Amino acid sequence: MMAAPDPFKLLRVLEDVSETHAKTLRALERTLNRLRRDPGDEALQSLALTYIKRLRVLRRRIERQLGDEGMEAEFGDVDPEVARNVATLSEYMIIVGFLYEEELLRKALILARRGARLLAEEAANIEADLDMISRLSERFQRIVDAHY
């Protein structure tokens, strides 16, 4: 049997993750801007990778709460207000969070090509992150379409 998400747990996770996600993105952007001036600085590359890994953990946390692929919008008999709140946060993650994250990950890949060795070593994982963001955006869009 396919598992649908628990809308209450999903809402709590989205509330928690969205704030941490935004702070981590801002920190990654500052780090990448500094790294752009000196792509060979391995301490900054390591810091950027730490932020990228934190973002990966946050996405996995969200993914675990979404239930099975195709079931993410199946909330059953839940208060419409809860469903709308989940849809609103889902839309925020699509429009703001994931677009911003994609942009920053693409910048990290550009820096990898410009000599940031540690980022270059992680390029395949960063590409996989971009794929995961695309999949999560599609899943969130199904929630927005169903409940907004």
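**Salt bridges across the predicted model.** By the rule that a salt bridge is a side-chain nitrogen of Lys or Arg within 4 Å of a carboxyl oxygen of Asp or Glu, the count comes to 13 salt bridges. This is a predicted model, in which local features need pLDDT of at least 70 and side-chain atom pairs count only at pLDDT 80 or more, while totals for chains, interfaces and linings use all residues. Residues are numbered from 1 along each chain as its sequence is written, and side-chain values use heavy atoms, with hydrogens and water left out.

**Close-up of Glu42 and Arg117.** The closest N and O atoms of this salt bridge are 2.8 Å apart. Glu42 belongs to helix 2 and Arg117 to helix 4, so the pair ties together parts that are 75 residues apart in sequence; helices are DSSP runs (H or I, at least four residues), numbered from the N terminus.

**Close-up of Glu72 with Arg139 and Arg142.** Arg139 and Glu72 meet in a salt bridge at 2.5 Å, N to O, which links helix 5 with the loop between helix 2 and helix 3, 67 residues apart. Arg142 also forms a salt bridge with Glu72, at 2.5 Å from N to O. Glu72 is buried, with a relative accessible area of 0%, whereas Arg142, at 30%, counts as partly exposed (buried means under 20% relative accessible area, exposed over 50%, partly exposed in between, with a 1.4 Å probe and protein chains only).

**Close-up of helix 5.** Helix 5 comprises residues 123-147, and its buried residues include Ile126, Asp129, Phe140 and His147.

Key: Helix = DSSP H or I, 4+ residues; strand = E, 2+ residues; numbered from the N terminus. Expected span 1.5 Å × (residues − 1).
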